[in-house]
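Before reading on, please take a moment to look over the sequence and the fold together.

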Amino acid sequence: MAKSNLFYEFLAWREKNIKPKHFLLIVSFLVGVCTALAAILLKNMIHFIQGTLTGSLSGEGASYLFLVYPVIGIFLSGLFVRYVVRADISHGVTKILYAISQNKSRIKGHNTWSSLVASSVTIGFGGSVGAEAPIVLTGAAIGSNLGRLFRLEQKTLMLLVGCGAAGAVAGIFKAPIAGLVFVIEVLMLDLTMTSVLPLLISSVTAATVSYIFTGTEAMFKFTQTEVFAMERIPYVLILGIFCGLVALYFTRTMNKVEGVFRKLDTWWKKFMLGAVMLSLLIFLLPPLYGEGYDTIELLLAGEFSTLMDNSIFYGIESRYWGILVFLLMILLTKVFASSATNGGGGCGGIFAPSLFLGCIAGFIFAHASNYFELTTFLPEKNFALLGMAGVMAGVMHAPLTGVFLIAELTGGYDLFLPLMIVSIGSYITIIMFEPHSIYSMRLAQKGGLLTHHKDKAVLTLLSADSMLEKDFQTVTPEMTLGDMVKVIARCGRNAFPVLDEKGGLLGVVLLDNIRNIMFRSELYGRFTVSKFMVSPQAVIKINMPMEKIMRIFDDTKAWNLPVIDEQGRYIGFLSKSKIFNSYREVLVDTFSGD
């Protein structure tokens, strides 16, 4: 109790002595530190588990342990989620978008740790997914819960969710610019003078903490041995289109495979299907094991002689057709391995799979071109690097994130121009077929996605509860016209909700509809409310999104509409004019850039 009182005293002191915009900067710094520490912890947990399980493998011939390890991983992760967390923690970035769009930026407290545990077990045992989406959800949850702890308002909470996501990306990749750009492009938060500084503080702080604990080297070692030649630009453009098509294949196939898992009615059926798919694919193609960053490092170094270690293809010496067929099989099956991992009970994201596929796609493009002598020589490791940016930009619909993330991940700043060309080419290619990213697709289909449009963003910040008007006088259907006139005399409203004995809304009495009879005293005992009440033009449910509420007002041309709860009981009215006033206040307050 004493600790609680001390905390409340601190909150009161803070409100008196620290301006809200200054306190926001302090909290964004704390978010950056916490998300970086979480990212470092997750990476170390994954590496520890992977090193323990695979450190003794010789590399010669097929390893039957790859049939077992991934199954154990998704089984343990599934049990943890099912019986400990008891909540769905998959699709981390989609959950952040939902929280911003539909849940007032509130993310449950268990998300600050549950994704760390589940994803470290899943990936450490070989699940074919990435750790980045779980850490992004963890970071966003840290931002949301710190904001709620300090009693910050909703618009600030939304910004802290973005700070947590930015810090997570910056911390796990050591890429501060990519963290900021990711929040703008993928989470679709508006960049204003109010938001840019907290986001930068979280990103830079998280990256700095990662530098302190893990060193300042880039995540992937890349040395550019060939200067980019301008005559290769046409081939870079073609690579961008190719990466866009790979991203399209990945997106649509993942949606279809996840749809198959969703149709299964029990967890055991999902686990069995996922286990069979995942173990067979990893046994046949060991580079599918885990995040795949070892494969990326080999291809960026221009080495691929050890890619077939621990596989049934070990010993194939053909330099060209063998490696091309092997990598092409990986390119086609990675999406099934990732979908099986998450669908079967594992926890992970698609950051790493998109980087993995992009690296392979770029390498295949250059390797095949060089083998068949279709063009002048294309440096394979350079194109592998460009492919990483291309597929990531296509899958996430985030070309700037692809450019800056790959440049910061590898130190390949000399390839900035071709990185931009590939990312833009991939993005333009995929948006011709898919208007939304793999993250936002599910919410967009339900009309629940917050976008860069300021009007929708402001409507998301509005709450029907806060604008509810409860001073309307209620009546019953048995009341006479005389009783109704007495109610009208003591109430200044022109609409009166008619309720049954349980509080359910039966209709409304409109003053305009009874004006011609309300002064005829001879009719006071002849008419009851049930005779002249009418159905409302529409009824609003209290949990409706504000954008849908405004659409109802526009369709009905009404200025006042009744509101009911989930049980159909009347709780008040919403006024269009009051919504407009609140809209203007929030618009100025949120986007003024103070």
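What follows is a set of notes grouped by topic.

The model shown here is a predicted one.

**A strand and its hairpin**

- Strand E1, which runs over residues 495-499, is mostly covered, since 5 of its 5 residues are buried.
- Ala495, Pro497 and Leu499 point one way from E1, while Phe496 and Val498 point the other way, and the residues of both groups are buried.
- The partner of E1 is strand E2, residues 505-510, and the two pair in the antiparallel sense over 5 bridges, with Val498 standing opposite Gly507 in E2.
- Between the strands of this hairpin lie 5 residues, and in the hairpin Gly503 takes a positive phi near 90 degrees.

**Salt bridges**

- How many salt bridges does a search of the whole structure find? The search finds 10 of them, and several are described here.
- Glu434 and Arg252 meet through their side chains in a salt bridge, with a distance of 2.8 Å from N to O. This pair links distant parts of the chain, for the two residues are 182 residues apart: Glu434 sits in the loop between helix H17 (416-431) and helix H18 (441-445), and Arg252 sits in helix H10 (residues 233-263).
- Within that pair, Glu434 is buried because its relative accessible area is 12%, under the 20% limit for that class, whereas Arg252 has a relative accessible area of 35% and is therefore partly exposed.
- Glu258 and Arg262 form another salt bridge, in which the closest N and O atoms are 4.0 Å apart. The two residues are 4 residues apart in helix H10, so about one helical turn separates them.
- Is Glu258 buried or exposed? Glu258 is buried, having a relative accessible area of 7%, while Arg262 counts as exposed at 53% relative accessibility.
- Asp265 and Lys269 also form a salt bridge, their closest N and O atoms being 3.1 Å apart; Asp265 is exposed with a relative accessible area of 62%, and Lys269 is partly exposed with 44%.
- A network of salt bridges links Glu469, Asp471 and Arg493.

**His397 and its surroundings**

- His397 lies in the loop between helix H15 (380-396) and helix H16 (399-410), and at 11% relative accessibility His397 counts as buried.
- Which backbone oxygen does the side chain of His397 reach? The side chain reaches the backbone oxygen of Glu434, at 3.4 Å, and Glu434 is the residue whose side chain meets Arg252 in a salt bridge.
- When neighbours within four places in sequence are left aside, the residues in contact with His397 include Met392, Tyr427, Ile430 and Ile431, and also among them are Glu434, Pro435, His436 and Ser437.

**A nonpolar surface patch**

- H10 and H17 each supply at least two residues of the nonpolar patch, and the largest share, 5 residues, comes from H17.

Conventions: Residues are numbered from 1 along each chain as its sequence is written. This is a predicted model: local features need pLDDT of at least 70, side-chain atom pairs count only at pLDDT 80 or more; totals for chains, interfaces and linings use all residues. Side-chain values use heavy atoms; hydrogens and water are left out. Buried means under 20% relative accessible area, exposed over 50%, partly exposed in between (1.4 Å probe, protein chains only). Two strands pair if DSSP finds at least two bridges between them. A polar contact is a pair of N or O atoms within 3.5 Å; within protein, one must be able to donate a hydrogen and the other to accept it, and residues adjacent in sequence count only if both atoms are side-chain atoms. Contact means heavy atoms within 4.5 Å.
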